[in-house]
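Please inspect the sequence and the structure shown here before reading on.

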Amino acid sequence: MGVKMRKLKKQMILLGCIGAIFVISNMAVDGRLLTWNNMKIIITHAIFPSFVSWGMMFIFTSGLIDLSIGANILLSANIGAICAMDLGMGYFGLIGMTLISAVILEQLSVNCSVNLKIPSWISGLGMALIFEAILTFYSTIRSKTEGSSNITLVNYREMGSMPYMAIIWIIGFAAAYIIFNRSTLGLNIRAIGGNEGVAKAMGINMKKTMLSGAVVGALFIGMAAIIQESYAGKLASTSGLGSLSTIFKSLATVLLAQSFERVVSMPVGIIFSAVFVTSLFNVLTLIGVPSGTGQEMCLGAIVILCGIISHWRYKGVVK
Amino acid sequence: MAEEILKTENLSKSFGATKANKNINITIHSGSVFGLAGENGSGKSTLASIICGIQKRDGGIIYKDGNEYNPANLIEANRLHVSMVVQELGVVGSLPPAINMFLGRTDEFTTGGIVNLNKMEEAANKQLKKWDLGSIPMDCMTEELSIEQRKILELARALSTDPDFLVLDEISQALSHDRREILYRFIKRFTKEGKTILMVTHDLDEMMEICDTIAVLRDGEMIETKPTSEFTINELKRKMIGREISGEYYRSDWKEEYQEEVILEVENLTVPDQLKDISFQLHKGEILGVCGLSDAGIHSLGRALFGMSERRTGKVCVKTTKALLNKPKDVIKAGGAYLSKDRDLDGLMLDASLGSNLAVPSVSDLSGRLGFLNPREVKNLAEEIKDSFEIKATGIEHIVKSLSGGNRQKVNLSRWLVKDLKFIILDCPTRGVDIGVKAYIYNILKKAKKEGIGILLISDELSETIGMSDRIMIMRDRRIAGILSRNTDFTEDKIIEVML
C-alpha cells in the first residue's frame, strides 16, 4: 500500500472514530447532542480555542512554551475594549489595538526568553504574573472611579455572533494552514522545532524565525481575544496565574492535534480537536456534570489524556 | 595535471587544549577524489568542517580556485560551490523529504509568499534522477525513511547547491551493498565532470579503490600525502595508527564452530511490511552474520528480535527456559542485549556523562533491596569499564557527546559486555569507527564467542560478516534467502548471488 493510501486510510479511520464517538455520545444524552441548535453552540464555543491553539502552534512548534498566553488574551482584550468604548475608537480600537497589544505582549514574553536565555516556560509564567497584575491594578482603579472593575463592550460585538464568528473561523483556518504548511516562515519554524542543529546549518536565522513565529502566533491570540471579548462582552481580571485556566481547553486542543499530526496536519487537527474537546464539555453538561469543579476535573483529566495520546508511540522519555 | 581547486596553508584549529589540526597543508586538484585517512579523533572531520564553513579556523589560509576562501558558514560555502554531507548532521524528521532537501532555500519555490510544494517535490525528484541516486518517497515525513534513504537525501541536498567541491564524511558506512554501488557510480560521474570530492572514510579498501590521492592525519598532524597507487593498505594502516597493528583483524580460522546448545530460537517471525516468516536458531558461542541489500529487512530483524517492532507475530524464545521474548525487558532479563545501527539516536544518552551511560544497563543489578544505588559502586563499575575497554575520555564525568565516534561505540558495546550475557544482537557495530577500534571490537567479539555468548551480527559490510561469522544468514525481500556455512560457502560472489 502506498504512503498516500496509508495516510488516507488513517484519515478515514480517524473520521470514523470521531463519528462513532459522536453517535454513541448522542445516544447517551437521548439525542440532544446532534441537534442543529446544539451543534451551533458547540461550533461557537470551539472558535475561541481554535484561534488560541493556532497561535500556540506557531509559538510552541519552535520550542517556546509560553504560558503567558492566557494573561495576554485578558490584557489585550481589555485594552481593545477600552480603546473601542472609552476612547471612542470603535472597531479600529477593538481590532487594531487588541492585535497590536497581543503582539507587543507576546514579543515581551518571547524576547525575555530568547534574549535573556531564560527557559520560555519560566519567562512565560513571570510575564503572566506581570500582565495579570497590570490588569488587576487597572480594574481596582476602575472600580473606584467607574463603579465597575471591568469594562463592558456594549457595542461593536458582531464578531462574537454568528455567522461572523464562523466566517472569521474559516478565514483563520485558511491563514493558519497556508502560513504553517506553505510559507517559508512556517517551514522554518517546523525545521527549528524538528532539529535545531540542522535548521541552523541550513542557514535559518533562528532568533528571527522564532520572533516572527511569535508575531504570527500573537495575531491569532489577538483574534481569539477579540472574539471572546465580543462574545462575552467582558473579560474579568484574574490574579495568581488564574489566567492559565483561560488556555487549558486550547492546550488540550493542541495536544490532541499533535497526536493526529501523522494523519492530518496541525491546523486541520486543531479544528477537529477544538470541536471534539468542546463537544466533550457539551456532553458533560448534557449528562449533568456540574459546570464548576466537576467539569474542571474532567478538563484536567482530558488534558492529561490528550498528553498521553500525543506521545502514544514516542519511544523515549517525555520531558 | 589538472588545476588546483583547493589549497590549505598552515591550517590550524584548537578546541581548548586539544589541537585538532596543526599546520595542515594540502593541495587538491579538480576532477579528483582526495581521501582523508586517520583514526577517530585524528582531525579529519574538523578539517572537512573548516573547509565547509561549519567550524572557524584559528590560523592558516584556504584558497579555492586560486582565491582566498573564508566562508562564514555552510550556506556561504554553498554559494562558493562547496558542499558537504556530514557524518552526523541529519535531517528534520518532522518535515517531508523535499522540504529537507531545500531547507533554508524555500524562497526559491515561493510565489506571493506561498511555497509551491509540488514544484519542490519535482525539483527534489529531478535532483535524485539527475545523479541517478535512486528514488525516495516524497509523500511522507522524513522520519519514516530508512537511515540509508536519509543519507541519500542528505547527499541530494548537498548536490542541489550545485557544488564543484563536495565533502563526503563517512557517508558509505550508513549504506548497504547496493546503495554503495550507487554512491560509487555517482562519484565516478561527478569527478568525470571535472568536479572534486574530499572523502573521509574508515573503510580503507573503499578508500584505496576510489581515491586518487590519500592524505593521512594523525593526532591533528598531516603525516603523509601521496597518490593512492603509491600506498599499500598495510602502509596506510601503519601511518594512521603510528605503529604496526598487532594481532588478527578478522577471524583466522575458516571453520563453523560453536556449541550444540541453542540459545535463541526464532519461529515464523513476521512484522508487516518489514519481515516475513523468519525462522532460525542461534547457538551458544556462535556468530551468526546477517546481510542483505537495502530494504531486505536486516535492520528490522534486530529491532523485532529486541521487541521494538509493533504488530510482531511469531515466536522468539530462549530455547532452554522457553521464556518468550516479546519486549526489550524480556530480552534483557533473559541475558540478551541489542545495539542499534543508529548509535546516537537509539543507543546513547549523548548529553549525559560517560559514567551514567556506562552504568545504565546495570542499574537494576546495582540497586539495593530498597531500590537505592550506591554511588561508589556505580562509579567503580563505570571506571572499571572505561579502563578495561580503553575508552579515551578525561574521566567518567566526560560528556558522551564530545567523545569520538569510535569511543562512543566502545561505550555502547562495553556496558553490555560486562553483564552476564547469553546473547547479543549487534546491528552494524563498527559503523563509523576507525580500523584501530574496529580491530578492538572484533577482538572483543572473538572473546565473547569463546565465552559462549551467541552473537547475531547484522552488517552492511560483507567483509565483516565473512570475516567474523560462523554462518551467514542472507535476507532478500524481507525473508531468509539462504544460510551459508563458514566451512564451505564464504565467498563474496556466492553471497551476492544469494542476495540478488
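**Briefing on the predicted model**

Leu426(B) has Leu457(B), in strand 19 of chain B, standing opposite. This is a predicted model, in which local features need pLDDT of at least 70, side-chain atom pairs count only at pLDDT 80 or more, and totals for chains, interfaces and linings use all residues. Residues are numbered from 1 along each chain as its sequence is written, while chains are lettered from A and ligands numbered from 1 in the order in which they are written.

**Sheet in chain B**

- Strands 18 (423-427) and 19 (454-458) of chain B pair in the parallel sense over 5 bridges; pairing requires at least two DSSP bridges between two strands.
- Helices (H or I, at least four residues) and strands (E, at least two) are DSSP runs, numbered from the N terminus.

**Contact between chains A and B**

- Chain B gives 24 residues to the contact and chain A gives 18 residues, where contact means C-beta atoms, placed from the backbone, within 7 Å.
- On the side of chain B that touches chain A, helix 2 (74-79) and strand 8 (114-115) of chain B are the elements that give two or more residues.

**Lys40(A)**

- Lys40(A) lies in helix 2 (residues 36-60) of chain A.
- The C-alpha atoms of Lys40(A) and Met162(A) are separated by 8.9 Å, with the two residues 122 residues apart along the chain.

Note on methods:
Contact = placed C-beta atoms within 7 Å.
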